[in-house]
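Please open the model in your viewer and keep the sequence panel beside it. The tour below moves from one selection to the next.

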Amino acid sequence: MGCGLSIAGEIYASGRRLSSAFTDITCTHPAIFMVEYSLTQLLLEMGLRPAAVLGSSLGEYVALTVAGCCSPEAMLGLIVAQARLLKAKGRAGGM
């Protein structure tokens, strides 16, 4: 299950500035997972092997994926589904 958008396309869209808001949870959640998972893969390729993994917030999903509990594709699908539910049923919020 995809989000129907190119996350890289959303991040690097023409006209987007560093100061542009990036607040659509259906984009931000997958983007956070993708960046964190990619950084983890880079560290693994460099030979850094953790004895254990843990995470906070969306990092927990990355930790589960890195630990082999779920494939990256399946986890990304779960994150997209969660973001859609939060957007549809949750209260508006912000930081």
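Which residues are buried in H2? Select that helix, and you will find Thr26, Cys27, Thr28, His29, Pro30, Ala31, Phe33, Tyr37 and Leu44 buried, where buried means under 20% relative accessible area, exposed over 50% and partly exposed in between, with a 1.4 Å probe and protein chains only. This is a predicted model, in which local features need pLDDT of at least 70 and side-chain atom pairs count only at pLDDT 80 or more, while totals for chains, interfaces and linings use all residues. Residues are numbered from 1 along each chain as its sequence is written, and side-chain values use heavy atoms, with hydrogens and water left out.

Now show the whole chain, which has four helices and zero strands; these are DSSP runs numbered from the N terminus, with H or I of at least four residues for helices and E of at least two for strands. Just after H2, look for Gly47, which takes a positive phi of about 95°.

Next, select the cysteines. Cys27 counts as buried because its relative accessibility is 3%, whereas Cys69 is exposed, with a relative accessible area of 58%. The sulfur of Cys69 lies 8.1 Å from the closest cysteine sulfur, in Cys70, which is too far for a bond. A disulfide is a pair of cysteine sulfur atoms within 2.5 Å, and by this rule the count is zero.
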